[in-house]
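Keep the viewer open as you read.

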Amino acid sequence: MTQWSMRISAYAERLLQGLEKIDWSESIKETQRNWIGKSVGATVVFPLIPQRGTERPGYLTGGNNAKLLLERAKEMRNNPTPAEAALWESLKSKNLGDKFRRQHPIAEFIPDFVCLSKKLIIEVDGEIHDDQIEKDQARTEILENLGYKVLRFRNEKVLGNLEEVLSEIKSTLDNREIPPQGARGISVFTTRPDTIFGVSFMTLAPELDLVQEITTPEQKADVDAYIEATAKRSERERMADVKTISGAFTGAYAEHPFTKEPIPIWIGDYVLAGYGTGAVMAVPCGDQRDYDFANHFGIAIPNVFEGVDISEEAFADKDNTVIANSDFLNGLKYKKAVKLAIYELEKIGAGSGKTNYRLRDAVFSRQRYWGEPFPVYYKNGMPQMIAKEHLPLELPEIEKYLPTEDGEPPLGRAKKWHWDTNTNTTVAVAEGEEPPQGVWGMDLNTMPGWAGSSWYFLKYMDNTTADGSIPKEALDYWGNVDLYIGGSEHGTGHLLYSRFWTKFLFDRGFISIDEPFQKMINQGMILGTSAFVYREEGTQTFLSEGLIEGKKTQPIHAPVAFVNASNELDIEAFAKWRPEFKDAIFMLEDGSSFSPSGGDVRRTEGDSVYKVGREVEKMSKSKYNVVNPDDICNQYGADTLRMYEMFLGPLEQAKPWNTAGITGVHSFLKKMWKLYHSSPSASKGGTPLMDEDTFFVTDEAASKDSLKTLHKTIKKVASDIESFSFNTSVSTFMIAVNELTSQKCTSKEVLEPLAILISPYAPHIAEELWSKLGNETSISAATFPVFDAKHLVESSKEYPISFNGKMRFKLELPLDMNKDDIEAAVMAHEKTQQYLEGRTPKKVIVVPGKIVNIVG
RNA sequence: GCUCGAGUGGUGGAAUUGGUAGACACGUUGGACUUAAAAUCCAAUGUCCAUUAGGACGUACGGGUUCAAGUCCCGUCUCGAGUACCA
């Protein structure tokens, strides 16, 4: 299936570097670094040593019918079309720098021209090709799978504008990096070129086509059997089973670029086809996987490290590496050896320094309905962009949001999904009918979710332009997103893709930022506490948690609603929940058994309960551990729920949902409500006469203490908000309300700003109080109270007096007292003398406003 | 395996630049009010020793720096998260 993909890999290095200048959590940056997976090293080419008898020249590229094809090819060469003849004049004799062959068999085809060294095919099409677009497409696909690139030109173009055709061919040739595999040699990527003299074999991924090419007839049976066995194992199996070592010898040898020794070539599934070139130079003394492989198959393990014992395991410590037995690298440390090895490789043309990234290009097509459609139609099988002025496209209506019967994406069902190049609109083409002249089928894929999520925030800056561009003024005003609060689960998806898009749009000059989200906070998840019942394997008997030890049981999630705070299961409810449990037998904690379907065993009193096991997991319907916040809202109100979630702990921290303690927040809100209601003076014997409906806030001037309470609260809450430390704000409010209550504060001067402070935390109650205070507009529009330091000015400080760092007693002293006077006052104190027990202090440390420490 | 984070009372968690460890809340215990319960209020609550006064020990463990370390440095252990035959 042809799919669109995005070349995010081209941005790998910049995506990596950009992480340095954004304020994200270390863990998510690390996730992205791992995902990008940069490794610095070298590519090294190991020439293949030709096999006697199996040698096959590189130009014999035809398939099994090559002999028949060759006859036909000769005939075609002798009867070129005018266009072919014209082009051949310019291609032959390395006119463009690379050797071309004409009418040369490749697999089952005879392309017009081919450059084998660059694996480039040129086809010149006449009228006839309009009728066999699909056939040509299939042919192109097969050729591309063999590693060829196919360029197609029309006869008219070759004859009419040969210059342009040639320049296109030339630039394709120049930009084309041919995969270095093939008849010439095997290219590998290594991060340890310093250990190149330790190579004792090579390993290829079994999937590589090259394996078939190089395997000797004697080894073919072995190799085929191994490939078949690996193909059977699923990706997951291969990943889970890292321990088992397996592989097969191909019979082929490569030549060591420096020593010219023959290196045996193996295949093994520990080498991944998708990374690097799918081939490794195995250095068993320096890599544990190579070491294990060599040990398993009895391959030599030459040691290239000075003074290191490798009889037990490989030595992979770069920092302590000194190279030995390695010709010109002897005696060098890791860094120098790497440098020199690359230098020497480049000198003999056998390799070069290279940086590899694990990051893969991202597939951008989805075979779904819901998604942005591609503005693309296919003319003679070639994709054509629909011009910008005809956009946007709208999704066509379809009857069912399902793939078509012959496996096309849902858009294949749409009637009106052809592009009319005459009118530049989508038009309908009746089923089974040929589209009229100039009408072409459109792309049936849609874009994935991250198409929109990668740039939607830009759209918020301005949505007024018709072409979707963002005006510079809007961009300059908003800049990038200041704060992004989201889950870390998008670390390698959305959060990487949007960085990539932003950089791309920046490069094209559409926007002036090159990172989308300046600061990110990953809020912790509220987790669920799952409950488990344990079914004994192969039976319908459930064992209570205390009985499972030593038994083979299968844990099954039980709905947490059936379990009480003591982990006891409501057996009847559980058995009724699923029909298959209705006849189950439950072995209870004390060893007795119980059958809810009314068997002869009945429950006795006391310890006869079924206990469930508990585990903290993500909340999920499938785990039956979801608790519904509605119940909390109904019982305590939304403000309590909101505040309790904030009170639980730091924003970033994940934690299991546990309502123990919610009463504390709830009673705080009640206390706060009381602060604005009823008169504390109307209390009797410490118990206020409660009349919660009587609003009671006065215009009296607030006491000094109350103003102090208010302003220290403003200060703390303001700084807590800056640092996203909402849990400490909540306790600050609790302290404030406790203090104001004991101060019997009723003053509007204090209580009104307090309501504003608390409004982001308990918006409903705050709004209600705000309105009762006589305000007409919403509290959310009120000005945040301004901190005034003058209310916190203290004249004295209760100094902690410590002896050898241990606090012994406190002493109240004026804050404006200088160091010497403080020392004198402390030394004069009777308790000081008591703690000194007659000794003379060696030293007295006085930190004014902080602490006094007496040493000695 | 690798990378990143985190280890503080019975529990959730505080502690700004090294400067009074355990704020605030839950829980527990005792008390007030009540026929009773709920609600509310008051008191105690790190551990150990001590009748009290008071003392010793305490921030995963072992060292170090400092007048002073939960905080800084070195080493170890445990837990959590991410990632994984990536050459």
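A word on the ground rules: the model is predicted, so local features need pLDDT of at least 70 and side-chain atom pairs pLDDT 80 or more, while totals for chains, interfaces and linings use all residues. Residues are numbered from 1 along each chain as its sequence is written, chains are lettered from A and ligands numbered from 1 in the order in which they are written, and side-chain values use heavy atoms, with hydrogens and water left out.

**Ring pairs**

Rings of Phe, Tyr and Trp (its six-membered ring) pair if their centres lie within 6.5 Å; planes under 30 degrees apart count as stacked, over 60 as edge-to-face and the rest as tilted. By this rule there are 45 aromatic pairs. Take Phe-189 and Tyr-275: their ring centres are 6.4 Å apart and their planes stand at 75 degrees, so they form an edge-to-face pair. Phe-189 belongs to strand β7 (residues 185-190), and Tyr-275 to the loop between β10 (262-267) and β11 (279-282), 86 residues apart. Here strands (E, at least two residues) and helices (H or I, at least four) are DSSP runs, numbered from the N terminus.

How exposed are these residues? With buried meaning under 20% relative accessible area, exposed over 50% and partly exposed in between (1.4 Å probe, protein chains only), Phe-189 is buried at 10% and Tyr-275 is partly exposed at 29%.

Tyr-270 and Phe-293 make a tilted pair, because their centres are 5.2 Å apart and their planes at 45 degrees. Tyr-270 lies in the loop between β10 and β11 and Phe-293 in helix α11 (residues 288-297), so the pair ties together parts 23 residues apart in sequence. Tyr-270 is partly exposed at 22%, whereas Phe-293 is buried at 1%.

Ring pairs also join Phe-542, Phe-562, Phe-574, Trp-577, Phe-581, Phe-586, Tyr-610 and Tyr-624 into a cluster.
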